[in-house]
Amino acid sequence: MPRPVTRRRLLKTGGGLAGAAGVGGLSGCLTLATQLSGNSIKISSKRFTEQEVLGYIAYEALSSNTDLNVSDQVGLGGTTTNFRALDTGEVQLYWEYTGTAWQTLPPQHDTVISDPQKLYRKVKAEFKQKHGLTFLQRAKLNNTYVILANPDWAKKTGVKTLSDFATFLEENGSKLTVALNAEFQSRADGWPGLSKHYGFADDLGNVTVNNIGSGLLYQVIGKGSADIGVGFNTDPRIIQFGLRVLTDDKGYFPVYNAAPLVDSATLETNPSIRPPLNAASKGLTTDVMRRLNKQVALERKNPQTVAREYLQRKEIL
């Protein structure tokens, strides 16, 4: 009786999801297992909750769906440390954000591209040409700055977008309390830039601004000590306190979609890397990432366990 064709078998063999590029390059009697024999890949990540979950998603997906010897370097360090390690061949893969690749890593760009697909195409082409690195499928999760609203305040005012917020400020500025961390309040591309972009810079005279540390911002907004504040889009405390994310309808904030960044030579030699990671990326929306982060940061679950359970739900393991 033939074995059933499962999603994991498809990923393991490159069938369906791999396409011609995954298996068409094999010649003669060379099999995928032979091609991968003796090869290894080191996977790293940055040193915070979301990145550790992403790192272990890659680790578990490749451990189960390829014949590679996968090495755990999760939690290696910051952006510069991970990029240098990948660029010099010390590691072969980590997850990077499109906005970070565009604005922080060389050659660096000052312009903001608010279209996610356009930004992805540009960084993908640039990193392949300049660094010999390949971005795989980008996830829809967007770990960017967001303006958050207390849920009761949002329901009462009907404010849903940043344009709505600008209109509210023009009419009711003196009734508003805002909570910001010191960096976002002062940096040109933070609160000052946002207020100019949405046209409410002249309506801030009577607004009460409280300077709050980043760790307490979500609680302060959630408990009603502030009506509005700033946070990060994939932070699990958005769920914890039921906060409303105001839509950035005029595209002020940079896009930070996560995608596996892989050494191109390693990928060319081992095309089986691509299908399981692309499959994993497709399910990672902002809401899903918040929930995965919540399990680690608030429920104290092991990030590798959380990653494995996510892949099992997606039938990648």
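At the start of α9, which backbone nitrogen does a side-chain oxygen of Thr 161 reach? The views below answer this and describe other parts of the chain. The model is a predicted one, in which local features need pLDDT of at least 70, side-chain atom pairs count only at pLDDT 80 or more, and totals for chains, interfaces and linings use all residues. Residues are numbered from 1 along each chain as its sequence is written, and side-chain values use heavy atoms, with hydrogens and water left out.

**Figure 1. Overview of the chain.** The chain contains 17 helices and 10 strands; helices (H or I, at least four residues) and strands (E, at least two) are DSSP runs, numbered from the N terminus. Of its 317 residues, 49% are buried, where buried means under 20% relative accessible area, exposed over 50%, and partly exposed in between (1.4 Å probe, protein chains only). A contact means heavy atoms within 4.5 Å. Among contacts between residues at least 6 apart in sequence, 75% join residues at least 24 apart.

**Figure 2. Helix α9 and its surroundings.** At the start of α9, the side-chain oxygen of Thr 161 comes to within 3.4 Å of the backbone nitrogen of Ser 163. This is a polar contact, defined as a pair of N or O atoms within 3.5 Å; within protein, one must be able to donate a hydrogen and the other to accept it, and residues adjacent in sequence count only if both atoms are side-chain atoms. The helix spans residues 162-172, and its buried residues are Leu 162, Ser 163, Phe 165, Ala 166, Phe 168 and Leu 169. An α-helix has 3.6 residues a turn, so residues three or four places apart point the same way. The cover over the buried residues of α9 includes β5 (145-149), α8 (151-157), α11 (191-197) and β8 (228-232).

**Figure 3. Aromatic pairs.** Rings of Phe, Tyr and Trp (its six-membered ring) pair if their centres lie within 6.5 Å; planes under 30 degrees apart count as stacked, over 60 as edge-to-face and the rest as tilted. By this rule there are 12 aromatic pairs. One of them, formed by Tyr 145 and Phe 232, is stacked, with 4.8 Å centre to centre and 20° between the planes. Because Tyr 145 lies in strand β5 and Phe 232 in strand β8, this pair ties together parts that are 87 residues apart in sequence. Tyr 145 counts as buried at 16% relative accessibility, whereas Phe 232 is partly exposed at 37%. Phe 184 and Phe 253 form a tilted pair, 6.2 Å centre to centre with 35° between the planes. Phe 184 belongs to helix α10 (residues 182-186) and Phe 253 to the loop between β9 (244-245) and β10 (258-263), so parts 69 residues apart in sequence are tied together. Phe 184 and Phe 253 are both buried. Ring pairs join Tyr 145, Phe 184, Phe 232, Tyr 252 and Phe 253 into a cluster.

**Figure 4. Strand β3.** Five of the five residues of β3 (residues 93-97) are buried, so the strand is largely enclosed by the rest of the structure. One side carries Leu 93, Trp 95 and Tyr 97, and the other Tyr 94 and Glu 96. β3 pairs with β10 in the antiparallel sense over five bridges; two strands pair if DSSP finds at least two bridges between them. Glu 96 stands opposite Ala 259 of β10.

**Figure 5. Phe 127 in helix α7.** Phe 127 lies in α7 (residues 116-131) and is buried, with a relative accessible area of 0%. Not counting residues up to four places away in sequence, Phe 127 touches Phe 83, Ala 101, Leu 105, Pro 106, Gly 132, Leu 133, Phe 135 and Leu 261. The C-alpha atoms of Phe 127 and Pro 106, 21 residues apart along the chain, are separated by 9.1 Å.
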